[in-house]
Amino acid sequence: MDFALTGEQEFFRQNVVRLVDDLVVPRAREIDQKDEFPRDLWEKVAGLGYLGLRYPESVGGMDADNLTCALFYEEITRGSVGFAQSVIMNMLMGTDLVWRFGGPELRERCFLPAIRGGKIATICFTEEQSGSDLGGTQTRARREDGRWILNGKKTWITNGPLADFACVLARTGPEKGLAGLSFFLVEKGTPGFSAGQNIPKMGCRGTVTGELVLDNVSVPAENLLGGEGSALVALEGLLDQIRIMTGAMACGVAEAAFRDAVRYARERVAFGGPIGKNQLIRAKAADMAARLSAARLMVHKAAWLKDNGRDARTGAALAKVTAVEACLFIVDETTRIMGAYGFAEEYDAVRFFRDARFLLYGGGTHEILRNFAGRNILGT
Ligand SMILES: Cc1cc2nc3c(=O)[nH]c(=O)nc-3n(C[C@H](O)[C@H](O)[C@H](O)COP(=O)(O)OP(=O)(O)OC[C@H]3O[C@@H](n4cnc5c(N)ncnc54)[C@H](O)[C@@H]3O)c2cc1C
(Lines give C-alpha, C1' and ligand atoms only; values in the text may rest on other atoms or scores of the structure.)
Protein backbone atom coordinates (compact mmCIF):
# COMPACT_ATOMS: atom_id res chain seq x y z
CA MET A 1 0.00 0.00 0.00
CA ASP A 2 1.33 3.44 -0.94
CA PHE A 3 -0.09 6.58 0.67
CA ALA A 4 2.05 8.97 -1.37
CA LEU A 5 0.69 10.90 -4.31
CA THR A 6 2.40 10.24 -7.63
CA GLY A 7 4.95 12.82 -8.76
CA GLU A 8 2.44 14.11 -11.28
CA GLN A 9 -0.33 14.44 -8.67
CA GLU A 10 2.00 16.21 -6.22
CA PHE A 11 3.19 18.61 -8.93
CA PHE A 12 -0.42 19.34 -9.86
CA ARG A 13 -1.36 19.89 -6.20
CA GLN A 14 1.52 22.30 -5.65
CA ASN A 15 0.42 24.37 -8.64
CA VAL A 16 -3.13 24.56 -7.28
CA VAL A 17 -1.84 25.42 -3.78
CA ARG A 18 0.08 28.37 -5.28
CA LEU A 19 -2.94 29.51 -7.30
CA VAL A 20 -5.19 29.37 -4.24
CA ASP A 21 -2.69 31.07 -1.91
CA ASP A 22 -1.88 33.82 -4.42
CA LEU A 23 -5.30 34.54 -5.88
CA VAL A 24 -8.15 33.03 -3.89
CA VAL A 25 -7.19 33.29 -0.19
CA PRO A 26 -6.53 37.06 -0.42
CA ARG A 27 -10.03 37.56 -1.91
CA ALA A 28 -11.97 35.21 0.35
CA ARG A 29 -13.23 37.76 2.89
CA GLU A 30 -14.25 40.20 0.18
CA ILE A 31 -16.13 37.45 -1.68
CA ASP A 32 -17.95 36.54 1.53
CA GLN A 33 -18.75 40.13 2.52
CA LYS A 34 -19.86 41.39 -0.89
CA ASP A 35 -21.63 38.13 -1.68
CA GLU A 36 -20.95 38.68 -5.37
CA PHE A 37 -19.65 36.24 -7.95
CA PRO A 38 -15.97 37.17 -8.58
CA ARG A 39 -16.02 36.94 -12.35
CA ASP A 40 -12.44 38.16 -12.74
CA LEU A 41 -11.18 35.32 -10.54
CA TRP A 42 -13.34 32.88 -12.45
CA GLU A 43 -11.73 34.01 -15.70
CA LYS A 44 -8.24 33.50 -14.25
CA VAL A 45 -9.03 29.96 -13.08
CA ALA A 46 -10.70 29.18 -16.41
CA GLY A 47 -7.72 30.63 -18.28
CA LEU A 48 -5.47 28.12 -16.54
CA GLY A 49 -7.63 25.30 -17.88
CA TYR A 50 -8.93 23.97 -14.55
CA LEU A 51 -12.60 23.99 -15.57
CA GLY A 52 -11.80 21.14 -17.97
CA LEU A 53 -9.85 19.16 -15.37
CA ARG A 54 -11.85 15.93 -15.57
CA TYR A 55 -12.44 15.95 -19.34
CA PRO A 56 -10.19 14.48 -22.04
CA GLU A 57 -7.23 16.37 -23.40
CA SER A 58 -8.74 16.00 -26.88
CA VAL A 59 -11.39 18.60 -25.94
CA GLY A 60 -9.02 20.86 -24.04
CA GLY A 61 -9.27 19.13 -20.67
CA MET A 62 -6.59 17.65 -18.42
CA ASP A 63 -7.89 14.07 -18.33
CA ALA A 64 -7.51 13.99 -14.55
CA ASP A 65 -8.56 11.00 -12.45
CA ASN A 66 -10.93 11.31 -9.49
CA LEU A 67 -8.11 11.53 -6.96
CA THR A 68 -6.50 14.45 -8.80
CA CYS A 69 -9.91 16.14 -9.01
CA ALA A 70 -10.33 15.65 -5.24
CA LEU A 71 -7.00 17.40 -4.66
CA PHE A 72 -8.26 20.34 -6.72
CA TYR A 73 -11.66 20.46 -5.00
CA GLU A 74 -10.01 20.49 -1.57
CA GLU A 75 -7.53 23.23 -2.38
CA ILE A 76 -9.91 25.59 -4.17
CA THR A 77 -12.39 25.22 -1.29
CA ARG A 78 -9.65 25.92 1.24
CA GLY A 79 -9.46 29.31 -0.48
CA SER A 80 -13.17 30.18 -0.67
CA VAL A 81 -16.17 27.91 -0.40
CA GLY A 82 -18.46 30.25 -2.32
CA PHE A 83 -16.06 30.63 -5.22
CA ALA A 84 -15.29 26.91 -5.21
CA GLN A 85 -18.97 26.04 -5.40
CA SER A 86 -19.42 28.05 -8.61
CA VAL A 87 -16.25 26.63 -10.15
CA ILE A 88 -17.01 23.02 -9.23
CA MET A 89 -20.59 23.28 -10.49
CA ASN A 90 -19.16 24.13 -13.90
CA MET A 91 -16.46 21.46 -13.77
CA LEU A 92 -18.66 18.58 -12.65
CA MET A 93 -22.45 18.61 -12.29
CA GLY A 94 -23.20 21.43 -14.75
CA THR A 95 -21.26 19.96 -17.67
CA ASP A 96 -21.17 16.19 -17.08
CA LEU A 97 -24.51 15.36 -18.68
CA VAL A 98 -23.89 17.56 -21.73
CA TRP A 99 -20.53 15.88 -22.19
CA ARG A 100 -21.92 12.37 -21.83
CA PHE A 101 -25.26 12.76 -23.59
CA GLY A 102 -25.18 15.96 -25.65
CA GLY A 103 -24.95 15.78 -29.44
CA PRO A 104 -22.14 17.52 -31.37
CA GLU A 105 -24.01 20.84 -31.57
CA LEU A 106 -24.78 21.03 -27.86
CA ARG A 107 -21.24 20.06 -27.02
CA GLU A 108 -19.92 22.76 -29.32
CA ARG A 109 -22.37 25.46 -28.19
CA CYS A 110 -22.53 24.71 -24.45
CA PHE A 111 -20.02 22.17 -23.17
CA LEU A 112 -16.84 23.51 -24.77
CA PRO A 113 -17.42 27.17 -23.82
CA ALA A 114 -18.32 26.06 -20.28
CA ILE A 115 -15.04 24.22 -19.69
CA ARG A 116 -13.17 27.22 -21.11
CA GLY A 117 -14.99 29.70 -18.85
CA GLY A 118 -17.02 31.39 -21.58
CA LYS A 119 -20.32 29.97 -20.32
CA ILE A 120 -21.67 29.20 -16.87
CA ALA A 121 -23.43 25.89 -16.28
CA THR A 122 -25.71 24.43 -13.65
CA ILE A 123 -27.87 21.44 -12.81
CA CYS A 124 -31.43 21.64 -11.49
CA PHE A 125 -33.04 18.89 -9.43
CA THR A 126 -34.42 20.65 -6.40
CA GLU A 127 -37.95 22.06 -6.20
CA GLU A 128 -39.86 23.64 -3.33
CA GLN A 129 -41.60 20.32 -2.59
CA SER A 130 -38.79 17.92 -3.45
CA GLY A 131 -35.15 17.95 -2.43
CA SER A 132 -33.91 14.56 -1.28
CA ASP A 133 -37.00 12.92 -2.74
CA LEU A 134 -36.42 13.47 -6.44
CA GLY A 135 -39.35 11.17 -7.10
CA GLY A 136 -41.52 14.14 -6.08
CA THR A 137 -40.32 16.21 -9.06
CA GLN A 138 -43.22 18.21 -10.42
CA THR A 139 -41.55 19.99 -13.33
CA ARG A 140 -43.03 18.42 -16.44
CA ALA A 141 -41.89 18.03 -20.02
CA ARG A 142 -44.35 17.06 -22.75
CA ARG A 143 -43.78 16.36 -26.42
CA GLU A 144 -45.28 18.73 -28.96
CA ASP A 145 -44.52 18.78 -32.70
CA GLY A 146 -41.14 17.09 -32.25
CA ARG A 147 -40.11 19.44 -29.45
CA TRP A 148 -40.31 19.33 -25.65
CA ILE A 149 -42.31 21.86 -23.63
CA LEU A 150 -41.19 22.31 -20.01
CA ASN A 151 -43.15 23.78 -17.12
CA GLY A 152 -42.13 24.07 -13.49
CA LYS A 153 -39.94 25.85 -10.98
CA LYS A 154 -36.54 24.89 -9.60
CA THR A 155 -35.02 26.30 -6.46
CA TRP A 156 -31.68 26.39 -4.64
CA ILE A 157 -29.88 26.40 -7.97
CA THR A 158 -26.15 27.16 -7.78
CA ASN A 159 -25.14 29.70 -10.45
CA GLY A 160 -28.88 29.74 -11.30
CA PRO A 161 -29.44 33.40 -12.15
CA LEU A 162 -26.04 33.62 -13.89
CA ALA A 163 -26.14 30.34 -15.76
CA ASP A 164 -25.95 30.31 -19.55
CA PHE A 165 -27.47 26.84 -19.58
CA ALA A 166 -29.00 24.41 -17.13
CA CYS A 167 -29.51 20.64 -17.08
CA VAL A 168 -33.08 20.42 -15.83
CA LEU A 169 -34.71 17.35 -14.27
CA ALA A 170 -38.31 16.95 -15.42
CA ARG A 171 -41.02 14.33 -15.46
CA THR A 172 -41.66 12.90 -18.93
CA GLY A 173 -43.61 9.78 -18.08
CA PRO A 174 -46.64 8.83 -16.02
CA GLU A 175 -44.57 6.46 -13.85
CA LYS A 176 -44.32 7.27 -10.17
CA GLY A 177 -41.14 8.04 -8.21
CA LEU A 178 -37.81 8.11 -9.95
CA ALA A 179 -38.93 6.35 -13.12
CA GLY A 180 -40.21 8.64 -15.84
CA LEU A 181 -37.69 11.39 -15.11
CA SER A 182 -35.44 12.88 -17.77
CA PHE A 183 -32.83 15.63 -18.12
CA PHE A 184 -33.09 18.51 -20.59
CA LEU A 185 -30.63 21.16 -21.53
CA VAL A 186 -32.22 24.61 -21.39
CA GLU A 187 -30.30 27.67 -22.52
CA LYS A 188 -30.54 31.17 -21.15
CA GLY A 189 -32.62 33.37 -23.42
CA THR A 190 -35.06 30.60 -24.32
CA PRO A 191 -38.51 32.23 -24.11
CA GLY A 192 -40.23 31.35 -20.81
CA PHE A 193 -36.97 30.46 -19.03
CA SER A 194 -36.21 33.04 -16.35
CA ALA A 195 -34.50 33.56 -13.02
CA GLY A 196 -36.76 33.83 -9.99
CA GLN A 197 -35.66 35.02 -6.57
CA ASN A 198 -32.10 34.80 -5.30
CA ILE A 199 -31.71 33.12 -1.92
CA PRO A 200 -29.71 35.03 0.72
CA LYS A 201 -27.61 32.43 2.56
CA MET A 202 -25.89 31.89 5.91
CA GLY A 203 -22.63 30.93 4.20
CA CYS A 204 -21.14 29.86 0.90
CA ARG A 205 -21.49 33.46 -0.20
CA GLY A 206 -20.16 34.71 -3.48
CA THR A 207 -21.89 31.95 -5.39
CA VAL A 208 -25.34 32.98 -6.52
CA THR A 209 -28.10 30.57 -5.54
CA GLY A 210 -31.66 31.02 -6.66
CA GLU A 211 -34.80 29.95 -8.48
CA LEU A 212 -35.25 29.15 -12.14
CA VAL A 213 -38.70 29.29 -13.67
CA LEU A 214 -39.83 27.33 -16.73
CA ASP A 215 -43.02 28.67 -18.25
CA ASN A 216 -43.89 26.80 -21.46
CA VAL A 217 -40.22 26.57 -22.38
CA SER A 218 -39.84 24.89 -25.78
CA VAL A 219 -36.59 23.04 -26.55
CA PRO A 220 -35.66 20.86 -29.55
CA ALA A 221 -35.67 17.06 -29.30
CA GLU A 222 -31.87 16.92 -29.16
CA ASN A 223 -31.91 18.80 -25.83
CA LEU A 224 -33.19 15.66 -24.13
CA LEU A 225 -30.01 14.41 -22.46
CA GLY A 226 -29.65 10.65 -22.28
CA GLY A 227 -33.03 9.49 -23.53
CA GLU A 228 -36.52 9.53 -22.14
CA GLY A 229 -36.81 8.23 -18.56
CA SER A 230 -33.05 7.85 -18.20
CA ALA A 231 -32.39 10.41 -15.46
CA LEU A 232 -31.81 7.83 -12.77
CA VAL A 233 -29.25 5.94 -14.84
CA ALA A 234 -27.57 9.22 -15.81
CA LEU A 235 -27.37 10.26 -12.16
CA GLU A 236 -25.95 6.95 -11.04
CA GLY A 237 -22.89 7.70 -13.16
CA LEU A 238 -22.39 10.96 -11.31
CA LEU A 239 -23.48 10.57 -7.69
CA ASP A 240 -20.30 8.93 -6.37
CA GLN A 241 -18.26 11.72 -7.88
CA ILE A 242 -20.49 14.39 -6.33
CA ARG A 243 -20.07 12.75 -2.92
CA ILE A 244 -16.29 12.43 -3.26
CA MET A 245 -16.23 16.06 -4.34
CA THR A 246 -18.29 17.25 -1.35
CA GLY A 247 -16.06 15.26 1.00
CA ALA A 248 -13.00 16.88 -0.56
CA MET A 249 -14.59 20.32 -0.17
CA ALA A 250 -15.15 19.53 3.51
CA CYS A 251 -11.44 18.68 3.88
CA GLY A 252 -10.64 22.09 2.34
CA VAL A 253 -12.74 24.08 4.84
CA ALA A 254 -11.48 21.90 7.70
CA GLU A 255 -7.85 22.40 6.70
CA ALA A 256 -8.27 26.19 6.54
CA ALA A 257 -9.92 26.30 9.98
CA PHE A 258 -7.40 23.87 11.48
CA ARG A 259 -4.46 25.99 10.34
CA ASP A 260 -6.03 29.07 11.96
CA ALA A 261 -6.67 27.16 15.19
CA VAL A 262 -3.06 25.92 15.36
CA ARG A 263 -1.68 29.39 14.68
CA TYR A 264 -3.93 30.94 17.32
CA ALA A 265 -3.15 28.30 19.95
CA ARG A 266 0.56 28.94 19.50
CA GLU A 267 0.27 32.74 19.63
CA ARG A 268 -2.46 33.49 22.17
CA VAL A 269 -1.10 33.90 25.67
CA ALA A 270 -3.13 33.27 28.82
CA PHE A 271 -1.97 32.60 32.38
CA GLY A 272 1.60 33.36 31.38
CA GLY A 273 1.99 31.05 28.37
CA PRO A 274 0.57 30.12 24.96
CA ILE A 275 -2.86 28.51 25.31
CA GLY A 276 -1.50 25.61 23.22
CA LYS A 277 0.51 24.50 26.25
CA ASN A 278 -2.71 23.49 28.03
CA GLN A 279 -3.56 19.80 27.79
CA LEU A 280 -7.16 20.44 26.83
CA ILE A 281 -6.11 22.63 23.90
CA ARG A 282 -3.55 20.03 22.87
CA ALA A 283 -6.28 17.39 23.00
CA LYS A 284 -8.43 19.54 20.71
CA ALA A 285 -5.55 19.86 18.24
CA ALA A 286 -5.02 16.09 18.34
CA ASP A 287 -8.74 15.34 17.82
CA MET A 288 -8.99 17.82 14.97
CA ALA A 289 -5.89 16.40 13.28
CA ALA A 290 -7.18 12.83 13.68
CA ARG A 291 -10.60 13.58 12.21
CA LEU A 292 -9.19 15.58 9.31
CA SER A 293 -6.70 12.87 8.51
CA ALA A 294 -9.37 10.14 8.65
CA ALA A 295 -11.69 12.23 6.47
CA ARG A 296 -9.05 12.84 3.84
CA LEU A 297 -8.07 9.17 3.77
CA MET A 298 -11.69 8.14 3.23
CA VAL A 299 -12.18 10.70 0.46
CA HIS A 300 -8.99 9.61 -1.28
CA LYS A 301 -9.86 5.94 -0.86
CA ALA A 302 -13.30 6.51 -2.41
CA ALA A 303 -11.66 8.35 -5.32
CA TRP A 304 -9.19 5.49 -5.69
CA LEU A 305 -12.04 2.96 -5.75
CA LYS A 306 -13.71 4.97 -8.50
CA ASP A 307 -10.47 5.35 -10.47
CA ASN A 308 -9.86 1.61 -10.30
CA GLY A 309 -13.29 0.59 -11.48
CA ARG A 310 -14.37 -0.75 -8.07
CA ASP A 311 -17.74 -0.28 -6.44
CA ALA A 312 -17.40 3.11 -4.72
CA ARG A 313 -21.04 3.66 -3.76
CA THR A 314 -20.84 2.95 -0.04
CA GLY A 315 -17.32 4.33 0.27
CA ALA A 316 -18.23 7.61 -1.42
CA ALA A 317 -21.37 8.07 0.69
CA LEU A 318 -19.50 7.37 3.94
CA ALA A 319 -16.55 9.54 2.89
CA LYS A 320 -18.91 12.45 2.37
CA VAL A 321 -20.64 11.97 5.71
CA THR A 322 -17.38 11.46 7.63
CA ALA A 323 -15.58 14.39 6.01
CA VAL A 324 -18.44 16.84 6.53
CA GLU A 325 -18.96 15.76 10.15
CA ALA A 326 -15.18 16.13 10.71
CA CYS A 327 -15.34 19.57 9.13
CA LEU A 328 -18.26 20.65 11.34
CA PHE A 329 -16.33 19.47 14.41
CA ILE A 330 -13.15 21.28 13.35
CA VAL A 331 -14.78 24.63 12.53
CA ASP A 332 -16.57 24.47 15.88
CA GLU A 333 -13.40 23.64 17.83
CA THR A 334 -11.59 26.47 16.01
CA THR A 335 -14.13 29.01 17.27
CA ARG A 336 -13.72 27.62 20.82
CA ILE A 337 -9.92 27.79 20.71
CA MET A 338 -10.18 31.38 19.52
CA GLY A 339 -12.45 32.44 22.39
CA ALA A 340 -14.36 35.65 21.67
CA TYR A 341 -12.29 36.19 18.51
CA GLY A 342 -13.88 33.07 17.11
CA PHE A 343 -17.12 35.03 17.28
CA ALA A 344 -15.80 38.14 15.53
CA GLU A 345 -16.51 38.77 11.86
CA GLU A 346 -13.02 40.22 11.70
CA TYR A 347 -11.58 36.68 11.77
CA ASP A 348 -12.01 33.92 9.21
CA ALA A 349 -13.13 31.37 11.82
CA VAL A 350 -16.67 32.75 11.66
CA ARG A 351 -16.77 32.33 7.90
CA PHE A 352 -15.52 28.75 8.12
CA PHE A 353 -18.18 28.02 10.74
CA ARG A 354 -20.95 29.38 8.50
CA ASP A 355 -19.58 27.87 5.28
CA ALA A 356 -19.23 24.36 6.68
CA ARG A 357 -23.00 24.10 7.18
CA PHE A 358 -23.58 24.27 3.43
CA LEU A 359 -21.75 20.99 2.90
CA LEU A 360 -24.46 19.10 4.76
CA TYR A 361 -26.81 19.11 1.79
CA GLY A 362 -24.95 18.59 -1.50
CA GLY A 363 -24.55 14.98 -2.64
CA GLY A 364 -27.27 13.89 -0.24
CA THR A 365 -28.09 14.79 3.36
CA HIS A 366 -26.46 12.67 6.04
CA GLU A 367 -29.73 10.99 6.95
CA ILE A 368 -30.18 9.91 3.33
CA LEU A 369 -26.55 8.82 2.92
CA ARG A 370 -26.39 6.84 6.16
CA ASN A 371 -29.62 5.13 5.23
CA PHE A 372 -28.17 4.32 1.79
CA ALA A 373 -24.85 3.05 3.20
CA GLY A 374 -26.57 1.09 5.96
CA ARG A 375 -28.85 -0.58 3.41
CA ASN A 376 -25.83 -1.58 1.31
CA ILE A 377 -23.98 -2.90 4.36
CA LEU A 378 -26.94 -4.85 5.75
CA GLY A 379 -28.35 -5.88 2.39
CA THR A 380 -31.81 -4.99 3.68
C1 LIG B 1 -26.06 26.46 -1.12
C2 LIG B 1 -26.86 25.37 -1.77
C3 LIG B 1 -26.71 25.14 -3.12
C4 LIG B 1 -27.49 24.17 -3.75
N5 LIG B 1 -27.34 23.98 -5.10
C6 LIG B 1 -28.18 23.15 -5.76
C7 LIG B 1 -28.14 23.03 -7.19
O8 LIG B 1 -27.31 23.62 -7.86
N9 LIG B 1 -29.06 22.23 -7.80
C10 LIG B 1 -29.99 21.54 -7.10
O11 LIG B 1 -30.79 20.86 -7.72
N12 LIG B 1 -30.07 21.63 -5.74
C13 LIG B 1 -29.19 22.42 -5.06
N14 LIG B 1 -29.25 22.53 -3.68
C15 LIG B 1 -30.32 21.83 -2.97
C16 LIG B 1 -29.86 20.54 -2.29
O17 LIG B 1 -29.54 19.59 -3.25
C18 LIG B 1 -31.01 20.11 -1.38
O19 LIG B 1 -31.01 21.01 -0.29
C20 LIG B 1 -30.87 18.70 -0.87
O21 LIG B 1 -31.12 17.80 -1.91
C22 LIG B 1 -31.82 18.39 0.29
O23 LIG B 1 -33.13 18.72 -0.04
P24 LIG B 1 -34.05 19.65 0.91
O25 LIG B 1 -33.20 20.80 1.34
O26 LIG B 1 -35.30 19.93 0.19
O27 LIG B 1 -34.32 18.79 2.20
P28 LIG B 1 -35.42 17.62 2.38
O29 LIG B 1 -35.21 16.58 1.36
O30 LIG B 1 -36.76 18.22 2.49
O31 LIG B 1 -34.99 17.06 3.80
C32 LIG B 1 -35.28 17.73 5.03
C33 LIG B 1 -34.77 16.87 6.16
O34 LIG B 1 -35.46 15.61 6.16
C35 LIG B 1 -34.51 14.57 6.08
N36 LIG B 1 -35.05 13.44 5.29
C37 LIG B 1 -35.65 13.49 4.07
N38 LIG B 1 -35.96 12.26 3.66
C39 LIG B 1 -35.55 11.41 4.63
C40 LIG B 1 -35.56 10.00 4.80
N41 LIG B 1 -36.06 9.18 3.85
N42 LIG B 1 -35.03 9.47 5.92
C43 LIG B 1 -34.51 10.27 6.89
N44 LIG B 1 -34.45 11.62 6.79
C45 LIG B 1 -34.95 12.17 5.67
C46 LIG B 1 -33.28 15.17 5.41
O47 LIG B 1 -32.11 14.42 5.68
C48 LIG B 1 -33.26 16.55 6.04
O49 LIG B 1 -32.71 16.47 7.31
C50 LIG B 1 -28.43 23.43 -3.01
C51 LIG B 1 -28.57 23.64 -1.63
C52 LIG B 1 -27.78 24.59 -1.00
C53 LIG B 1 -27.95 24.82 0.46
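These legends describe close-up views of a predicted model.

View 1. Strand β2 covers residues 140-144, and strand β3 covers residues 147-158. The two strands run antiparallel. Five bridges join them. Arg142 stands opposite Ile149 in β3. Two residues lie between the strands of this hairpin. Asp145 takes a positive phi there, near 50 degrees.

**View 2. Helices α5 and α6.** Helix α5 spans residues 81-91, and helix α6 spans residues 93-101. Their axes come within 3 Å. The crossing angle is roughly 5 degrees. Angles under 35 degrees count as roughly parallel, so α5 and α6 are roughly parallel to each other.

**View 3. Where α5 meets α6.** On the α5 side, the contact is made by Met89, Asn90 and Met91. On the α6 side, Met93, Gly94 and Thr95 meet them. By class, this contact of α5 with α6 has three nonpolar and three polar residues.

**View 4. The shell around the ligand.** The ligand is surrounded by 21 residues. The closest are Gly131, Ser132, Thr158, Thr365 and Glu367. Strand β1 (121-124), strand β3 and helix α12 (366-378) each give two or more residues to this shell.

**View 5. Make-up of the ligand shell.** Nine residues of the shell are nonpolar, nine are polar and three are charged. Domain 2 (121-229) supplies at least three residues of the shell. Domain 3 (232-378) also supplies at least three.

Definitions and conventions
Residues are numbered from 1 along each chain as its sequence is written. This is a predicted model: local features need pLDDT of at least 70, side-chain atom pairs count only at pLDDT 80 or more; totals for chains, interfaces and linings use all residues. Two strands pair if DSSP finds at least two bridges between them. Helices (H or I, at least four residues) and strands (E, at least two) are DSSP runs, numbered from the N terminus. Axes are lines fitted to C-alpha atoms, for helices over the stretch in contact, and angles run from 0 to 180 degrees between N-to-C directions. Angles under 35 degrees count as roughly parallel, over 145 as roughly antiparallel, 65 to 115 as roughly perpendicular and the rest as oblique. Two residues are in contact if their C-beta atoms, placed from the backbone, lie within 7 Å. Ala, Val, Leu, Ile, Met, Phe, Trp, Tyr, Cys and Pro count as nonpolar, Asp, Glu, Lys and Arg as charged, and the others, Gly among them, as polar. A residue is near a molecule or strand if its C-beta atom, placed from the backbone, lies within 6 Å of it. Domain bounds come from an automatic or database domain assignment.
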